[in-house]
Amino acid sequence: MAESVLNNEFKPAIVIPVYNHEDAIKNTLKQVLEYGYPVVLVNDGSHAKCTKVLEELAQEHSDMVYLVQLDVNSGKGGAVKAGIRYSLTQGFSHALQVDADGQHNISDLPLFMQAAETEQASLICGVPIYDESIPKHRYYSRYLTHVWVWINTLSFKIKDSMCGFRVYPLQETCRLIDRNSCGNRMSFDTEVIVRWLWSGNKIKNISTKVLYPENGVSHFNAVKDNVLISWMHTRLFFGMLVRLPILLWNKRHG
């Protein structure tokens, strides 16, 4: 393991999972690179056109950009896990996850990094502020997940479990995902933060604007992902029951 990690030096990178976002990733990467942090692009089994774009971007910015190639599409969660694990092997201490599609407010990046450096053991989690661009069914359906998360943690510490704009402390996160599967698709963001809180780790919530770009590319599968999310909530509910005495003790004693 890199010496910088062992010495607890704050050495962050930015992880961007990419799946067939050959147009949006150009602008997202351009914005991110303005802040001077190394970037790990994870090609999640994209088609040839997107793969070529990513290879060209990595070559153009070879001093700042790492490219991780996954031969088969593993899903957003699988790509994020690959990027997190790779970042740790490169000696980074933290990774800020950014979606490729332009949803996240990159201008908040310094705020998140400052919080991560100040509270290096905490998971820094974005809490979305939406405008009128968000589809109404998505806005209201998120609350079902929020309710289940509050039930499964007996806590309101997680303000939003679905926002992918967050900073992970790499050592503890890798230990967590090695112990637990934490789904490979859209359920990952929610499952990993619930298990993070279950493990006694800290969370810091930061409000951030989130946009739904016009003509944006979404890879959410209404059938498959909803089934996997429902199964995740079921697993977490029974996991909560097993941990109920500890969760109640923690709630009582703060």
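Let me start with a word we need: a residue counts as buried when its relative accessible area is under 20%. Keep in mind that this is a predicted model.

Now look at strand 2. How many of its six residues are buried? Six of the six, so the strand is largely enclosed by the rest of the structure. Which residues point which way from strand 2? Val39, Leu41 and Asn43 point one way. Val40, Val42 and Asp44 point the other way.

Next, the neighbours. Strand 2 pairs with strand 1 in the parallel sense, over five bridges. There, valine 40 is the bridge partner of valine 15. Strand 2 also pairs with strand 3, again parallel, over six bridges. Here leucine 41 partners leucine 67. To get from strand 2 to strand 3, the chain crosses through helix 3, and this β-α-β crossover is right-handed.

Last, helix 2. Together with strand 1 and strand 2, helix 2 makes a right-handed β-α-β unit. Its buried residues are Ile25, Thr28, Leu29, Val32 and Leu33. Why do they line one face? Seen down the axis of helix 2, they fall within an arc of 125°, so they share that face. What covers them? The cover includes strand 1, strand 2, helix 3, strand 3 and helix 5.

Definitions and conventions:
Residues numbered from 1 in each chain as written. Predicted model: local features only at pLDDT ≥ 70, side-chain atom pairs only at ≥ 80, totals over all residues. Heavy atoms only, no water. Buried < 20%, exposed > 50% of the residue type's maximum accessible area, 1.4 Å probe, protein only. Helix = DSSP H or I, 4+ residues; strand = E, 2+ residues; numbered from the N terminus. Arc of directions from axis to C-beta. Contact = heavy atoms within 4.5 Å. Pairing = 2+ DSSP bridges. Right-handed = clockwise from strand over helix to strand, strands pointing away.
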